[in-house]
Amino acid sequence: MLRAMFSGRMQVVTDSNGWVLIDRSGRHFGVILDFLRDGSVPLPECRVEVEQILVEARYYLVQDLASECQSWLDALRSRRDIREPTATCSIPVVNTKGEADRLILSSVKPAIKLLINRHNNKYSYTSQSDDNIMKNLELFDRLAVKFHDRILFVKDVGSESSEVCQWKFFGKGAKRAEVCCTSIVYATDKKQTKVEFPDSKIYDEAMSILRFEERGLCSRCGGEACNSKDAGTPPEGSSD
């Protein structure tokens, strides 16, 4: 297209000094010129910028550059498809604190551990306790299904603990919050164990723990990392 514009075969718009006016952003025009001069150009390691260069290459009919940009983007999408989380949600079940700690410390994700073992109780339960134990389990399962690709979920059956129902939230290997759902109450002349279901507090802590997620943002566009540590070097099809 540029060759046609300056060969006289294409009508162009000029200013009073004879400069040719092109109604396009000049942000990536240098990339277009460098490719026309040298036949190759290093592409930025940023999906948004490569998409912008692709649009400009198509506008200026620089087909080889457009093909390189498209190959770069296709390779990036293919690599992300491989990393796409599956629909299967696997939750490790442990019965010792050591097992839980090893899982949490070895994970790069934030973690939520639900310790639940109704047999740890030495008193009778209040009338609503069994229902609330089930509600805690159901909330844990719902959160795991929704966030298993971003949070490690661990279920501790609690043989080493005296707790009956307790949530713990971890970020970068350290405990960040805790929600204990069990208390001892007095009913007439005897003690009873009361299990509660503070769902709003649990959900708030679960959302707060996501701030410890290592997402990695692109330093150029502020979007999802285009060259994160598992992406490594630019995809095949880009120039070095």
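Strands E9 and E10 (residues 190–195) run antiparallel and are joined by 6 bridges. Strands here are DSSP runs of at least two residues, marked E; helices are DSSP runs of at least four, marked H or I; both are numbered from the N terminus. Ala187 has Lys190 of E10 as its bridge partner. The two strands belong to an open sheet of 3 strands, ordered E5-E10-E9, with mixed pairing. Its edge strands are E5 (124–125) and E9 (182–187), each of which pairs on one side only. Two strands are taken to pair if DSSP finds at least two bridges between them. Helix H6 lies across E5 and E10 and runs at about 25° to E10. Axes are lines fitted to C-alpha atoms, for helices over the stretch in contact, and angles run from 0 to 180 degrees between N-to-C directions.

The model is predicted: local features need pLDDT of at least 70, side-chain atom pairs count only at pLDDT 80 or more, and totals for chains, interfaces and linings use all residues. Residues are numbered from 1 along each chain as its sequence is written, and side-chain values use heavy atoms, with hydrogens and water left out.

The protein chain has 7 helices and 10 strands. Of its 240 residues, 38% count as buried. Buried means under 20% relative accessible area, exposed means over 50%, and partly exposed lies in between (1.4 Å probe, protein chains only). The accessible surface of the chain comes to about 14300 Å², and carbon and sulfur atoms account for 49% of this. These areas come from the Shrake-Rupley method with a 1.4 Å probe; for residues, only the protein chains shown count as cover. Among contacts between residues at least 6 apart in sequence, 69% join residues at least 24 apart. A contact means heavy atoms within 4.5 Å.

A further open sheet has 5 strands in the order E3-E6-E4-E7-E8, again with mixed pairing. Its edge strands, E3 (93–94) and E8, each pair on one side only. E3 and E6 run parallel and are joined by 2 bridges. Val93 stands opposite Lys155 of E6, and Val94 stands opposite Asp156. Helix H5 (residues 97–106) packs on this sheet. H5 touches E3, E4, E6 and E7, and its direction makes about 180° with that of E6. E6 also pairs with E4, in the parallel sense, over 5 bridges. Lys113 has Val154 of E6 as its bridge partner.

Strand E6 is largely enclosed by the rest of the structure, because 5 of its 5 residues are buried. Leu152, Val154 and Asp156 point one way from E6, while Phe153 and Lys155 point the other way. Asp156 lies in E6 (residues 152–156). Its relative accessibility is 3%, so Asp156 counts as buried. Beyond its neighbours within four places in sequence, Asp156 contacts Val94, Asn95, Thr96, Lys113, Leu114, Leu115 and Ile116.

Gly158 sits in the loop between E6 and E7. Gly158 also counts as buried, at 2% relative accessibility. Its C-alpha atom is separated by 5.7 Å from that of Asn117, 41 residues apart along the chain. Leaving aside neighbours within four places in sequence, the contacts of Gly158 are Val94, Asn95, Leu115, Asn117 and Asn120.

The largest nonpolar core has 26 residues, of which Ile112, Phe153, Trp167 and Phe169 touch the most other members. Strand E4 (111–116), helix H6 (129–147), strand E7 (165–171), strand E8 (174–180) and helix H7 (199–208) each supply at least two residues. H6 gives the largest share, 7 residues. A nonpolar core is a set of buried Ala, Val, Leu, Ile, Met, Phe, Trp, Tyr and Cys residues joined through side-chain atoms within 4.5 Å. Ile112 has contacts that include Phe140, Phe153, Trp167, Phe169 and Ala206. A second, separate core of 17 residues includes Val41, Leu43, Val50 and Ala66.

The structure holds 5 aromatic pairs. The ring centres of Tyr59 and Tyr60 are 5.0 Å apart and the planes stand at 85°, so this pair is edge-to-face. Rings of Phe, Tyr and Trp (its six-membered ring) pair if their centres lie within 6.5 Å; planes under 30 degrees apart count as stacked, over 60 as edge-to-face and the rest as tilted. Tyr59 is partly exposed, at 32% relative accessible area, whereas Tyr60 counts as buried at 3%. Phe140, Phe153, Trp167 and Phe169 form one aromatic cluster.
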